Amino acid sequence: VRDSKKKEAALEERVREVEGRLDQVRQEAMQAELKALESSTQVESASKQLTASSDQLSDMKAAHERHLESVQSALDTQKAELAVSQTAHTAVKGELDEVRSLLGEARA
C-alpha cells in the first residue's frame, strides 16, 4: 500500500511537471505567434508606406513630365519666334544694304 502511494505521489508529481512544461510551451508558442503577428503587421505597414511612396513618385514623375512638355512647347514657340525675327532681320539688313548702295551711288 505504501509503495503504491509513493508511486501514485511520484506519478502525480510527474504529471504536475509535465503540465508545467506544457503550460510553458503554450506560453512560448503564444509569444512566438504574437511576434509573428507583430512582424506581419510591421510588414503590412511598411508595404502600405512603400505603396504610398510609389504613388507619390508616380505623381511627381507625371508632374515633371507635364512640366517638361510645357517647357518644350515654350522652347518650340521661342524657336519659331526667333526664326521669324531672323527672317525679318535678314530682310531689313538686305534693305539697309540696298539703301546704303543707292546712297553711295547718289553721292558718287
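The exercises below, each with a worked solution, concern a predicted model of a protein.

**Exercise 1. Overall form**

Task: Work out how many helices and strands the protein has, and decide whether the protein is a compact globule or more spread out than one.

Solution: Begin with the secondary structure, where the protein shows 1 helix and 0 strands. Next, compare the radius of gyration, which is 46 Å, with the 13 Å that the globule rule gives for 108 residues; the value of the protein is well over that of the rule, so the protein is more spread out than a compact globule. As a further step, look at the box that the C-alpha atoms fill along the principal axes, which is roughly 155 × 20 × 10 Å. Finally, take two residues of the chain: Ser54 and Ser4 are 50 residues apart along the chain, and their C-alpha atoms are separated by 73 Å.

**Exercise 2. Salt bridges along the helix**

Task: State how many salt bridges the structure holds, and describe the pairs Glu13 with Arg16, Arg26 with Asp23, and Lys93 with Asp97.

Solution: The structure holds 4 salt bridges, and the idea behind the exercise is that side chains of opposite charge can pair when their charged atoms come close.

- Glu13 and Arg16 have their closest N and O atoms 2.9 Å apart, and both residues lie in helix α1, 3 residues apart, which is about one turn of the helix. Glu13 is partly exposed at 37%, and Arg16 is partly exposed at 47%.
- Arg26 and Asp23 meet at 3.6 Å, N to O, and they too are 3 residues apart in helix α1, about one turn. Arg26 is partly exposed at 48%, as is Asp23 at 42%.
- Lys93 and Asp97 have their closest N and O atoms 3.6 Å apart; because they are 4 residues apart in helix α1, about one helical turn separates them. Lys93 is partly exposed at 46%, and Asp97 is partly exposed at 37%.

Technical notes: Residues numbered from 1 in each chain as written. Predicted model: local features only at pLDDT ≥ 70, side-chain atom pairs only at ≥ 80, totals over all residues. Heavy atoms only, no water. Helix = DSSP H or I, 4+ residues; strand = E, 2+ residues; numbered from the N terminus. Rg over C-alpha atoms; globule rule 2.2 N^0.38 Å. Salt bridge = Lys/Arg side-chain N within 4 Å of Asp/Glu carboxyl O. Buried < 20%, exposed > 50% of the residue type's maximum accessible area, 1.4 Å probe, protein only.
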